[in-house]
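Grab a pencil and work through the exercises below. Try each task yourself before you read its solution.

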Amino acid sequence: MTDPSAPQPDPHDSPVLVVDYGAQYAQLIARRVREAGVFSEVVPHTSSVADLLAREPGAIILSGGPSSVYAEGAPPLDPEILAAGVPVFGMCYGFQAMVQALGGTVSRTGLGEYGATKASVSDRESTLFNGQPDAQSVWMSHGDSVTEAPDGMRVTASTPGAPVAAFEDDDRRLYGVQWHPEVMHSTFGQRVLENFLRRGARLEATWNPESIVAEQVERIRAAVGDARVVCGLSGGVDSSVAAALVQKAVGDQLTCVFIDHGLLREGEAEQVEQDFVAATGVDLVVVDAAEQFLSALAGVTDPEQKRNIIGREFIRCFEQAARDIVGSADADGHPVEFLVQGTLYPDVVESGGGTGAANIKSHHNVGGLPDDLQFTLIEPLRDLFKDEVRQVGLELGVPEGIVWRQPFPGPGLGIRIIGEVTASRLETLRRADAIARAELTEAGLDRDIWQCPVVLLADVRSVGVQGDGRSYGHPVVLRPVSSEDAMTADWSRVPYDVLGQISTRITNEVAEVNRVVLDVTSKPPGTIEWE
Ligand code: XMP
């Protein structure tokens, strides 16, 4: 146990800045650095040397990128950054940009390498390769090759197409590899990265769930003071973990609002209303709005219209609840000034947002709330990737069922019923969905599958036989997909036995359903949800 009264190192100190040269790898590199226990952020390649140094970075990583260093408009590297005394690690494009800046030779040899390649390490005692085998599989993606290392650089690895595939200079603390150590196909990639961080940059591992919680709790307390805070809970992992963090920081000053729109899956409302409250002690206001949503959805079959109605009703409910809370100053008359949002780091990077360090900002008219309800936003997850949010959730005691919950759309089962949404159809879908989830969990597939929507084709009926008689029931569609980020997806190859068991159970146990079908479409062209 660490002594909680002892001053803790700030895990944001000496960040590793990952300069983004335009490939999709920069965020992955930042995640890998954090997995090694060091805080890191993605910064654009347009950042000036002064901007970079102002952050007092513990190290700088130059990411890969799509360009050749010879391409017109290829993002340049200011050589000054390599002379600033900050350890630098170049990867792929970043490696070649270092070579150019330091006076080595990048040649168009015509010997590009793409995909898994064997690298030969010539110095197993070196900073990057210490403790690793001399032959390793690395992931390459380059056309040009470095044929001559800059002066002072020691060449420590080569590949068939790249005579200079890695170099190191411990005096200037400059390092580089031609490949992508951040992707898992580079078998020792994480070890290479850790060696750079620990041995090259001499950075300690201070970034972990406990230090993240401790730091955020302090920041939130300092920002909130005696004011009160409101948070909308959806039952998903982001809002739950954000609420749990704020609750740990300011306790009863936080009030959470959970709108039960009646479109959740079996057990999910209870997870929020009972398990989450029991685990975190949050003060929760539950708005049971199932009837209101159902009557607003009556007769509606068009998916866009359903979404609009659900969105509108949701805002109405939340607004009313927020007004009630805002109107009810606490015994000492403290107003509600803050609203918690579960914004994550990838959203910040993708929206071109500033550094993750500022987690509190002023904001007006948040999420459709009316202008006269003005809050300052608290975004305690603004620095975090999804996997870190889960770790922080576990650290805070958020129930595992919530921490590991698969993505679920805000409009809920409302868009997984094709046709009009009614109470009995919701009940049918809820039971079928619960069976599918239970069987996938039982088969140990939860972490392999990104999500598995179950869709009720409520307007379709087909003939079947059940028992001794004909049935005329509805089909449900299973839509298990694997994905990294939901932008693209493939249909998951769930074992036939598991599919068979799900089908048998649903058709036996849910009287209205007489067929179970499997969606084998990737995204694109399909989407994940049916609607
Ligand atoms: P699609 O169907 O577009 O879904 O392939 C991509 C991902 O987004 C989720 N999704 C939503 N999430 N509100 C949400 O919070 C929504 O309205 C919504 N619609 C789709 C979907 O479950 C998948 O993970």
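Before we start, a definition: buried means under 20% relative accessible area, exposed means over 50%, and partly exposed is in between (1.4 Å probe, protein chains only). Cys92, with a relative accessible area of 5%, is therefore buried. Some ground rules: this is a predicted model, where local features need pLDDT of at least 70, side-chain atom pairs count only at pLDDT 80 or more, and totals for chains, interfaces and linings use all residues. Residues are numbered from 1 along each chain as its sequence is written, and side-chain values use heavy atoms, leaving out hydrogens and water.

**Exercise 1.** Find out how many disulfides the structure has, and look at Cys317.

Step 1: A disulfide is a covalent bond between the sulfur atoms of two cysteines. Here we count a pair of cysteine sulfur atoms within 2.5 Å.

Step 2: Searching the whole structure gives zero disulfides.

Step 3: Take Cys317: the closest cysteine sulfur is in Cys231, 16 Å away, so that is too far for a bond. Cys317 is also buried, at 6% relative accessibility.

**Exercise 2.** Work out which residues surround the ligand and which polar contacts they make.

Step 1: A residue is near a molecule if one of its heavy atoms lies within 4 Å of it. The residues around the ligand include Arg307, Gly410, Trp450, Gln451 and Lys523.

Step 2: Sort the shell by type. Ala, Val, Leu, Ile, Met, Phe, Trp, Tyr, Cys and Pro count as nonpolar, Asp, Glu, Lys and Arg as charged, and the others, Gly among them, as polar. You get six nonpolar, three polar and three charged residues.

Step 3: Look for polar contacts (pairs of N or O atoms within 3.5 Å). Ligand oxygen atoms lie 2.5 Å from a polar side-chain atom of Arg307 and 2.4 Å from a side-chain N or O atom of Gln451. A ligand nitrogen is 3.2 Å from a polar backbone atom of Gly410.

Step 4: On its own the ligand has 500 Å² of accessible area (Shrake-Rupley method, 1.4 Å probe), and the protein covers 68% of that.

**Exercise 3.** Is strand β2 largely enclosed or open, and what does it pair with?

Step 1: Strands are DSSP runs (E, at least two residues), numbered from the N terminus. Four of the five residues of β2 (residues 40-44) are buried, so the rest of the structure largely encloses this strand.

Step 2: Two strands pair if DSSP finds at least two bridges between them. β2 pairs with β1 (residues 16-20) in the parallel sense, over five bridges. Val18 stands opposite Val42 in β2.

Definitions and conventions:
Polar contact = N/O pair within 3.5 Å; in protein donor to acceptor, adjacent residues only side chain to side chain.
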